[in-house]
2 protein chains.
Amino acid sequence: MPEIDTDAFLRDLHELRTIGRFKTGVHRPTYSPQDMQARRWLMDRLESCGLEASIDGVGTVLGRHRGPGPHLLVGSHIESQNEAGWLDGALGVVAGVALARAGLPVDVCAFADEEGHFDVGFLGSRSAIGEVSEAEIDRARNRSDGTPLREALAQAGLAGLPRMRLDPARYRGFLEMHIEQGTQLERAGLHLGIVTGIVAIWQWRIVIEGQQDHAGGTTMAERRDAGLTAVRLLAAIDAAFPRVCGERSTWTTGRITLDPGAPSIIPGRAEVLFQFRDVSAEVLERMEAELRALIRESNRRERCPAVLVAVSRAVPALCDPALMRALSEAAEALCPGGWQAMPSGAGHDAQNMARVMPSAMLFVPSIGGISHHWAEDTHEADLALGVRVLGDAARRILAS
Amino acid sequence: MPEIDTDAFLRDLHELRTIGRFKTGVHRPTYSPQDMQARRWLMDRLESCGLEASIDGVGTVLGRHRGPGPHLLVGSHIESQNEAGWLDGALGVVAGVALARAGLPVDVCAFADEEGHFDVGFLGSRSAIGEVSEAEIDRARNRSDGTPLREALAQAGLAGLPRMRLDPARYRGFLEMHIEQGTQLERAGLHLGIVTGIVAIWQWRIVIEGQQDHAGGTTMAERRDAGLTAVRLLAAIDAAFPRVCGERSTWTTGRITLDPGAPSIIPGRAEVLFQFRDVSAEVLERMEAELRALIRESNRRERCPAVLVAVSRAVPALCDPALMRALSEAAEALCPGGWQAMPSGAGHDAQNMARVMPSAMLFVPSIGGISHHWAEDTHEADLALGVRVLGDAARRILAS
């Protein structure tokens, strides 16, 4: 079996980086002209590696190995967040190309819209396991500008194409290489992370209703300031969550919108985007119970009622022990002592693959932990080491 | 001296309400076509009452009494906040028209942009007392869409017109009738408020710098979450201000902007619009000292530094005792026991007039205290009583 050509792998990554370039990163929102150009680039590359390339009705690209099995599925996503990094997603796809180029019997996939520009959530990987209905697609819209998904698909030339449905029986499993998007590896001086599980994100909207009033004419005693209730509730969450969370739980307020948002008007409405993450369903449920208790307490004390709306409550995914073992053995062989097992704090397509086949993920370090920002980067030596470990692990899995 | 024609006064108010109508309120942002239509409507009305009407280089409309003095200046503003009420500003201008129609020797003014759509602040009334330089106009922009003030003036057909400069020696004083924009009168069952002073607004921007990161990959211990620092600081302000404020102080967070404002990204930057108000300079200074101490304390504890930027620090204005006495006597004559003295929590053009001539304000109740919202309203009986009291007070002042 030939070695992975890491030079070709890095060349591919840099070539893909020129499509939708933004500063040192890329701007390739799902179904944008740049994103579609990247998908076409990938299909060319897959064909040139001997795979049979196709694109489906939601834009997922699949390169199918033409020979006999057993097969592995390898990939990630190719669109980016807005004005974001060059490696998030692209790395896992181009790593799949590198394994195919080395002659390994892999199918390579780039699942559409892992980044969630549209409000479906993991559109490509969920569609590929049969979890997205046509009605869901009918309803879906772009989270930023409200464009209907159907309209975006038509403009991208994808309307009417069939949606790919993966056959789990074809695969020994799914492997996704990805940047860490954190600083655990860097701080520990390590080069590889073998992912034990992918946290579930429980995303909430907290809506608080007050009374919009003039900020001068309304005394403090008379006010029903929705923004102030939001601030007190968020401060209470910040104080209470450390007592109920798990060791690696995270919770984040991403947005606070005060309506109407003017300097001299008491906010009549506040809307908060709040989420927490953990690999343990038990911990997630404990956090939800605490959140609900804090909102009940807020509603008891405050004059502005708060309502909790569940936006999404995913199931945590655990990685497959045999695949993790293959990755660990490959890591130890190529970089002794330079790796660790760790959970993934971010969501990935692998969590959906894990529902239909054995799945595992390999992390490489993010410089400074930066991600979802154009400055995101990883040392080329780590990228090259990662793809070699991925290839070695694939061989071990296929040989087992 | 003839009586005030309250029917004509109410007819005028309702006619003006049709210009830029929005639900039961109006939408007349400064220099919009609707606003300019309202200014032309006012000029016609002033001429028909025998005044000499003019509009100046910032859109302030003045109706000048053609006869001998002594004179009073009566007015307010005619543009509205976005999608706001029909009486805020318009009431004081149309009340001036009613006094002129009754033959009182008054000049009537509608000062431009009291509502501050442009970032000058009280453009019309400050310009009329010689406080706005050409350079300030060159720099000014619309707070919502960034349109340069010069461009807006040109589009409104005002470019090149001279700016009106009031001659304080012409006037015994300035009277402004306005809705209360609070519920003090309504809750006390009263119909008139004689304003003792106008609070000063000290407006601040608090800018907090953190580190934008992925909400999954970055552990709680590693984060520099600018939004969380903002929440803790605002909760601390809310807890500390009651100990340093005055009896009628107010403080308001009108907007919290987390950047980039996405569900799964740790905010790298937070910007807060915060203001406080009081009639006492001493209290204002105490509140500023407390705010600065809280920010120092935040910067000592938190990993995201906060910077305080002063947007505006106005001087509180006290109303003229002789004018207040005339208003009180008129109120007691026409509505015995139905009035009270009270501060104005909102800023008004009268605070600028007070710097060059004796000034006073008369409040009528706001139903439910609602203001800066299209649902703003006042009972017609209170509107009619108010304009009669204003006319009677004007007579008393002119006769003194």
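The model is predicted: local features need pLDDT of at least 70, side-chain atom pairs count only at pLDDT 80 or more, and totals for chains, interfaces and linings use all residues. Residues are numbered from 1 along each chain as its sequence is written, chains are lettered from A and ligands numbered from 1 in the order in which they are written, and side-chain values use heavy atoms, with hydrogens and water left out.

**Symmetry**

- A rotation of 180° with 0.1 Å of shift along its axis places chain B on chain A, with an RMSD of 0.1 Å. The superposition is by least squares on the C-alpha atoms of residues with pLDDT of at least 70 in both copies.
- The two copies are thus related as by a two-fold rotation axis.
- V231(B) comes closest to that axis among the residues of chain B, with its C-alpha at 2.7 Å.
- Both copies use the same surface: 100% of the contact residues of chain B recur in chain A. Contact means heavy atoms within 4.5 Å.

**The interface between chain B and chain A**

- Chain B gives 53 residues to the contact, and chain A gives 53 residues.
- The size of an interface is often given as the accessible area lost when the parts come together.
- Here the buried area is about 4400 Å², and carbon and sulfur atoms give 54% of it. Buried area is the accessible area (1.4 Å probe) that two parts lose on being put together, summed over both.
- Four salt bridges are counted between the chains. A salt bridge is a side-chain nitrogen of Lys or Arg within 4 Å of a carboxyl oxygen of Asp or Glu.
- E222(A) and R187(B) form a salt bridge, with their closest N and O atoms 3.6 Å apart.
- β11(B) supplies eight residues, the largest share of the side of chain B that touches chain A. Strands (E, at least two residues) and helices (H or I, at least four) are DSSP runs, numbered from the N terminus.
- That side of chain B has 18 nonpolar, 25 polar and 10 charged residues. Ala, Val, Leu, Ile, Met, Phe, Trp, Tyr, Cys and Pro count as nonpolar, Asp, Glu, Lys and Arg as charged, and the others, Gly among them, as polar.

**Salt bridges within the chains**

- Over all chains, the structure holds 50 salt bridges.
- D12(A) and R45(A) form a salt bridge at 2.6 Å, N to O. D12(A) lies in helix α1 and R45(A) in helix α2 of chain A, so the pair ties together parts 33 residues apart in sequence.
- D12(A) is buried at 3% relative accessibility, and R45(A) is buried at 17%. Buried means under 20% relative accessible area, exposed over 50%, and partly exposed in between (1.4 Å probe, protein chains only).
- D12(A), E15(A), R45(A) and R101(A) are linked in a network of salt bridges.
- R292(A) and E288(A) meet in a salt bridge at 2.8 Å, N to O. Both lie in helix α9 of chain A, four residues apart, about one turn of the helix.
- R292(A) is partly exposed at 35%, whereas E288(A) is buried at 10%.
- R232(B) and E302(B) form a salt bridge, with the closest N and O atoms 2.7 Å apart. R232(B) is in helix α8 of chain B and E302(B) in the loop between α9 and β14 of chain B, 70 residues apart.
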